[in-house]
Amino acid sequence: MKRIYALLMALGLILLLSLSASGANQSGFRILVDGETLDSPASYISQDGTAMVSLRAIAEALGCNVVWDPVTRTASVSSAALPEEAPQYSALVVLDPGHGGEANGAEYGGVMEKDLNLSIASQAAVLLEEAGVTVLMTRTDDRYVDLYDRTALANGQKADLFVSVHCNANVDHDDVTGIYTCAYSRDTNGWRLAQLLHQTMREAAGADDFGMEERPNLAVLRTSLVPAALVECGFMSTEEELARLVRPEYQAKLARGIADGILAYLAQ
Ligand SMILES: [Zn+2]
């Protein structure tokens, strides 16, 4: 038996692998990764007796992805195979899917904002609950909820934070895109929450940046006694962005971004 060690740089981490090569197959030897025979035609024993195994073969056997950049001659190994214990949060969060019932919100191309808001917020709620956060929704179906009742829920439950989820529209410009977030004022914890959401939503969705703003006149921000932010997930009035917003994969990314921003706020 010949033992070899391979060092992989994966996501900035050094992964130390212990491989055992033993026995023989049609290519002359056998390599085991976690007890499984590695089926790699790119493996061989060199003249000096060293077992050579392709980086791709090892990485893929470990469930990693390998990307080869021929320009820089760099192999990148990214891994979902390095399990990390997700931190658990004990917090109470109120998510507010904007509009509902007779209040459709923006309407473009037969799509109603209230439906997008509910879909995205509901998915964010699932992700937050997976992280141990208790989530209260101001609505879980297509019904009208008064603006003041929305923040009353957060205030009454002494929630850790309140996030209202909307989609944007611009009647003057049909080409604007991106994530927009706002809070009552820069001096509030809600602003910090909005900042984090702005960053994580853009990262998760790969979306453009439409900026942040103080919005002291928005009822849900003005009446919230807990840190509150409002997010606009993108412009329904821009055809290409509406096409993204209705796609389940894109909604899932936005939901991930919302959950990540909230978790980042709770972790600070
Ligand atoms: Zn809205």
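## Briefing: a buried threonine, a helix and a pocket

T181 is buried, because its relative accessible area is 0%, which falls under the 20% cut-off for that label. The model is a predicted one, and its chain averages a pLDDT of 87, with 85% of the residues scoring at least 70.

**Confidence**
- Over residues 1-15 the pLDDT stays under 50, and for this stretch the model has 41 contacts beyond four places in sequence.
- Where pLDDT is low, the predicted coordinates should not be read in detail.

**Surroundings of T181**
- T181 belongs to strand β14, which covers residues 179-183.
- Leaving aside residues up to four places away in sequence, T181 touches A194, L197, H198, G211, M212, E213, L230 and V231.

**Helix α4**
- Helix α4 runs over residues 189-205, and its 17 residues should span 24 Å at 1.5 Å a residue, which agrees with the 24 Å between its end C-alpha atoms.
- The buried residues of α4 include A194, L197 and H198, each of which is also touched by T181.
- The buried residues of this helix pack against β13, β14, β15, β16 and α7.
- Just after α4 comes G206, which takes a positive phi of about 65 degrees.

**Largest pocket**
- The largest pocket holds about 240 Å³ of space, and among its 17 lining residues H99, L147, H166, V220 and L230 lie nearest its centre.
- Two or more lining residues are given by each of α3, β13, α5 and β16.
- The lining is made up of 8 nonpolar, 4 polar and 5 charged residues.

How values were computed: Residues are numbered from 1 along each chain as its sequence is written. This is a predicted model: local features need pLDDT of at least 70, side-chain atom pairs count only at pLDDT 80 or more; totals for chains, interfaces and linings use all residues. Side-chain values use heavy atoms; hydrogens and water are left out. pLDDT is the predictor's confidence in each residue, from 0 to 100. Contact means heavy atoms within 4.5 Å. Helices (H or I, at least four residues) and strands (E, at least two) are DSSP runs, numbered from the N terminus. Buried means under 20% relative accessible area, exposed over 50%, partly exposed in between (1.4 Å probe, protein chains only). On a 1 Å grid over the protein atoms alone, a cavity is a set of points where a 1.4 Å probe fits but cannot get out, and a pocket is an open set with protein on both sides within 12 Å along at least five of seven lines; lining residues have an atom within 4 Å of a point. Grid points are joined across faces, edges and corners, and a volume is the space filled by probe spheres set on the points. Ala, Val, Leu, Ile, Met, Phe, Trp, Tyr, Cys and Pro count as nonpolar, Asp, Glu, Lys and Arg as charged, and the others, Gly among them, as polar. The expected span of a helix is 1.5 Å times one less than its number of residues.
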